[in-house]
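Please go through this model with me, in questions and answers, beginning with the surroundings of one ligand.

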Amino acid sequence: RSLESELVKAFGQGEIEVLFQPQFSSASEELIGAEALARWQHPTLGEIGARDLFNIAEKARLVAPLSRHVVAQALEQACHWPQHLTLSLNVTPEEIADAEFAREFASLIGRSSMSPKRLTMEITEDVLLGDLDTAAEALAALKKTGMRVALDDFGAGFCNFHYLKLLPLDALKLDRVMVQGICEDERDLAVLRAIVTMAHALGLDVVAEGVETDGQRDVIVSEGCAYWQGFLRAAPMRSNALLQMLGDAA
Ligand code: G
Ligand code: G
Ligand code: NA
Ligand code: MN
């Protein structure tokens, strides 16, 4: 049987899990929130990552229900977190292109006790491959609820700077390819520096992803990225492990 047909049952069987990757403040070094990342704990194949999971969902035409399931689970767990923590949620370009999406997403958020002010929606520049007006409309509607919008995976794709000012963004998330070489190659550092400068000029916060070493963290902090996430301090984890981490730090 195909994975597509198995996915339908996976929801009900509790095989779709949401992990949370902690995000840290450069200024205070404290944990300030987390990004929700979906996983399929497949009974025989083991863990299936979000990218494969969403590819399977696309073939099965189940992206919307999968996403709603993940968002609902993430909200359900994050509403038990201390009030100062934020939650970042990923959404696919196909969802944003769907006229129903903004309304459904807003209604999911409305039913949760989590304030929209604590939420960030992560989009990728692939939203620009679809209809820009529809995307901008959906994002504007969601921003009205008070949530923030971040452009994810920046540096991994085409990075069309022109669109940066067309989308209602609050933050730029630097893909880990932008972080990898910053301690070894001066040109990598020059690119990072230029992008941080541009982001700040556009009024955007910068979040660095894939920080794996102390050296990378030091550069990220000194170059003015406000927040970072990465294996250096925390891989994606269950909600209770995140709360444990907070407790240990206190
Ligand atoms: O954690 P992982 O390597 O599996 O993540 C792979 C990619 O899948 C990341 O780019 C992440 O943004 C995306 N992703 C993770 N969880 C979700 C989700 O719930 N919805 C969507 N649309 N994308 C997700
Ligand atoms: O595309 P997106 O950036 O949202 O994907 C996040 C993915 O990157 C997750 O699958 C997560 O497990 C992975 N990830 C998170 N931190 C690190 C890191 O420090 N190094 C590497 N190589 N991958 C990371
Ligand atoms: Na993401
Ligand atoms: Mn990312």
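Q: Which residues come nearest to ligand 2?
A: The model is predicted, with local features needing pLDDT of at least 70 and side-chain atom pairs counting only at pLDDT 80 or more, while totals for chains, interfaces and linings use all residues. Residues are numbered from 1 along each chain as its sequence is written, and chains are lettered from A and ligands numbered from 1 in the order in which they are written. A residue is near a molecule if its C-beta atom, placed from the backbone, lies within 6 Å of it. Of the 13 residues around ligand 2, those that come nearest are Gly210, Glu212, Gly230, Phe231 and Pro236.

Q: How many residues of the shell around ligand 2 are charged?
A: Ala, Val, Leu, Ile, Met, Phe, Trp, Tyr, Cys and Pro count as nonpolar, Asp, Glu, Lys and Arg as charged, and the others, Gly among them, as polar. The shell around ligand 2 holds four nonpolar and four polar residues, and its charged residues number five.

Q: Which element gives the largest share of the shell around ligand 1?
A: Around ligand 1 there are 13 residues, of which Leu37, Ala38, Gly49, Ala50 and Asn90 come nearest. Two or more residues of this shell come from each of strand E2 (31-42), helix H2 (50-59) and helix H3 (63-78), where helices (H or I, at least four residues) and strands (E, at least two) are DSSP runs numbered from the N terminus. By class, the shell around ligand 1 has seven nonpolar, four polar and two charged residues. The largest share, three residues, is given by H2.

Q: Is Gly203 buried or exposed?
A: Gly203 lies in the loop between helix H8 (186-201) and strand E8 (205-208), and its C-alpha atom is separated by 7.3 Å from that of Asp170, 33 residues apart along the chain. A residue is buried if 20 or more other C-beta atoms, placed from the backbone, lie within 10 Å of its own, partly exposed in between, and exposed if 12 or fewer do. Because Gly203 has 9 C-beta neighbours inside 10 Å, this residue counts as exposed.

Q: What percentage of the 250 residues in the protein chain is buried?
A: The protein chain has ten helices and nine strands, and its C-alpha trace spans about 50 × 45 × 35 Å along the principal axes. Among the 250 residues of the protein chain, the buried share is 36%.

Q: What average pLDDT does the protein chain have?
A: pLDDT is the predictor's confidence in each residue, from 0 to 100. In the protein chain, 100% of the residues score at least 70, and the average pLDDT is 94.
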